[in-house]
Amino acid sequence: MELDLFVSILTITVRAGTSLVFATLGEIITERAGILNLGVEGMMIMGAVTAFAAAFHSGSAVVGLLVALAVGGLLALIHAFLTISLRADQTVSGLALTIFGSGLASFLGQRLGPAGSPLVGQVGPRFEKVIVPVLADIPGLGPVLFRQDALVYAMYVLVPLAWFIMYKTRPGLHLRAIGESPHTADAMGVNVIGLRYLYTVLGGMLVGLGGAHLSLAYTPGWTENLTSGRGWIAIALVIFATWNPARAVLGALLFGGVNAIQFRLQAAGTTIPAAFLNMLPYAFTIIVLVLITWWEAFRKRVGAPAALGLPYMREERT
Amino acid sequence: MLTLKLEKRLVPSRSMAYLVPVISFVLALLFGAVLLTLAGANPWRTYQAMLEGAFGTPTQWAAGDFYNLTETLVKAIPLMLCGLGVSIAFRMLFWNIGAEGQLVMGGFAAGGTALWLPQLAPELPGWLYLPLMLVVGMLAGAIWALVPALLKAYLRVNEIITTLMLNYIAILWLQHLYYGPWKDPQGYGFPGTAQFVEAAWLPRLIGRVHWGLIFALVAAFVIWLVLGRTRWGYEIRLIGENVSAARYAGVNIARNIVLVAALSGGLAGLAGMAEVAGISHRLQQGLAVGYGFTAIIVAWLARLNPFGVILVSVLLAALLVGGDQIQIVMRLPASMALVLQGAILFFMLGGNIFTRYRLRLTR
């Protein structure tokens with residue numbers, strides 16, 4: 001009984017953390033390239049609504065997934081164009097993206113249902129649980145890790161891949177270089193502008209994927225404010241992860257765990273008012289952020305890419 | 001061959017600084033028209049409905065009916081106060097994204113005062129209610145902004161995330177109160193507190209437009225004075241333009257972050273106080289409807305100028321009221337207003353390049 005409860009909490013932890021892993025990974029890649037994109041919440045919620053709408057109308061969750069990737073990438077492209085080519089303030093552009101995305105998602109959610117009706121309450125295709133043979137039977141870990149949906153498995157592949165590319169390959173070196181010292185990278189013949197575009201869009205696609213996991217697997221369907229701040233939590237997790245994909249998983253799972261405990265307590269009929277349970281992830285974000293900032297300062301480390309948030313102008317050396 | 005080239009201006013263009021927001025507004029409307037057409041709506045009729053919803057029609061005006069116009073002003077009040085608060089924080093690059101939560105906490109504290117004062121101090125004269133609520137509301141907003149400010153000033157914790165997270169906590173807290181312990185027992189199960197005593201109602205000027213408008217105008221003037229005419233204002237602008245120069249000049253950055261954040265949150269808290277005391281007269285759903293987020297756009301469109309904030313607030317309030325209107329008469333989502341807001345900001349951010357650069361045709 002005790003073990004069952006533990007396994008069930010951990011299973012929800014992984015499921016709840018998956019969307020955060022994708023979003024955090026996407027933002028890490030973008031920020032590593034020197035671009036701060038605060039539009040994660042907007043891209044994520046747009047990914048969620050378009051993924052569900054596309055899956056609903058096409059009858060295929062995979063189509064929904066592809067649409068979310070495209071939408072996340074397109075929205076990130078707006079941010080890339082404004083901040084890289086037009087040298088707009090990255091903070092404000094990201095905030096604009098979040099406001100725009102949240103508004104558009106709400107608009108679309110009310111129009112993209114059958115015959116222009118709202119999407120809320122509709123049931124569509126979803127990513128079902130896929131039980132991995134043999135592995136799923138490992139006591140304890142099996143059910144937690146290998147009785148999940150396909151997107152969770154995609155996460156298992158993507159995170160080590162991202163880590164490997166970022167730290168062990170030449171493209172990864174270039175990615176880190178354009179975020180740390182774009183002028184040096186440029187002098188070495190790296191296409192700073194092109195790569196910043198590439199990684200901003202790639203990051204947006206991953207964030208869109210995170211949104212898709214919410215509406216196609218975690219809580220299938222569409223409701224207003226579906227993401228409820230997960231995009232912002234992802235931005236906090238980037239700092240927690242010190243821009244390292246491997247540590248992002250740890251942080252996202254921590255938050256998945258908070259969600260799981262919240263679920264469990266609610267299901268067990270606790271006397272703690274729901275509002276306080278719902279506050280947990282947000283309060284937890286603040287506490288984690290304070291602790292990690294204090295800890296990194298204590299160790300005299302600067303985790304952020306040195307050129308993060310600064311526009312790159314070839315003709316104006318700073 | 002002729003090519004277009006961007007050339008840096010020696011001084012930012014003043015005319016472009018005013019022109020870009022106007023053109024951005026027009027381009028955003030064009031973008032919205034495309035979206036509306038795709039959504040199967042007639043953009044021309046939609047915009048007409050929004051315009052009439054926000055300002056009324058000449059026939060209504062002739063009949064002495066200014067309801068729509070005053071409703072736009074009603075929505076402009078919290079935008080003005082939050083916009084002023086946000087813009088002074090943005091001046092020194094303290095990214096206060098938490099005006100929404102600070103507004104809610106201001107409303108909570110002012111509302112709590114109005115609800116409990118009659119029982120706690122029955123002999124208190126009625127005229128003291130509003131000043132007390134004002135102070136308490138501003139204090140609550142200021143405290144809600146102080147937490148991120150202190151964390152930023154002394155531990156360098158990212159304020160964008162902390163201010164934003166505190167929004168969610170404030171909103172959940174207020175919901176908890178009016179759904180739970182503060183719910184009106186005579187409210188027929190309706191989520192909301194009992195109505196405040198009349199001494200706690202903010203006087204109205206015209207229609208539902210209340211004294212909050214005067215608070216906002218006074219605040220704009222005071223901020224303009226502080227920014228342009230005082231040493232403190234000079235320090236704030238200096239920090240925003242060049243932190244290291246400010247530090248060399250001996251400006252205490254941490255202290256300024258704390259003071260400016262308190263002022264910023266206090267103004268948002270005042271907006272919350274004015275909303276509950278001037279409009280709803282109770283704590284209920286509908287206090288946190290996104291004014292704090294729209295205020296970010298207000299501040300940016302106004303280029304952080306206090307009088308600009310007043311003007312832009314009316315414009316964006318018109319968008320919000322117009323959005324509600326198309327929801328009622330055309331069954332189009334009111335979130336169209338949010339889409340337009342975001343689009344305006346996008347175009348303005350893109351267009352800003354023309355204030356700093358000029359396009360040159362070169363051979």
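Predicted model: local features only at pLDDT ≥ 70, side-chain atom pairs only at ≥ 80, totals over all residues.
I'll start with chain B. Its secondary structure amounts to 15 helices and 4 strands. Along the principal axes, the C-alpha atoms of chain B occupy a box of roughly 80 × 60 × 35 Å. As for burial, 51% of the 363 residues of chain B count as buried. If you take the contacts in chain B between residues at least 6 apart in sequence, 78% of them join residues at least 24 apart.

Next, the core. The largest nonpolar core has 228 residues, and B:Leu81 and B:Cys82 have the most contacts inside it. What is B:Cys82 in contact with, leaving aside its neighbours within four places in sequence? The partners include B:Ala99 and B:Leu103, then B:Leu267, B:Ala268 and B:Ala271, and also B:Tyr291, B:Gly292 and B:Ala295.

Last, the contact between the chains. Chain A puts in 40 residues and chain B 39 residues. On the side of chain A that touches chain B, the elements giving two or more residues are helix 3 (61-85), helix 4 (90-111), helix 10 (230-240) and helix 12 (274-298) of chain A. Helix 4 of chain A gives the most to that side, with 14 residues. By class, that side of chain A has 26 nonpolar, 11 polar and 3 charged residues.

Note on methods. Residues numbered from 1 in each chain as written. Chains lettered and ligands numbered in written order. Contact = placed C-beta atoms within 7 Å. Nonpolar A, V, L, I, M, F, W, Y, C, P; charged D, E, K, R; others polar. Core = buried A, V, L, I, M, F, W, Y, C linked by C-beta atoms within 7 Å. Buried ≥ 20, exposed ≤ 12 C-beta atoms within 10 Å, placed from the backbone.
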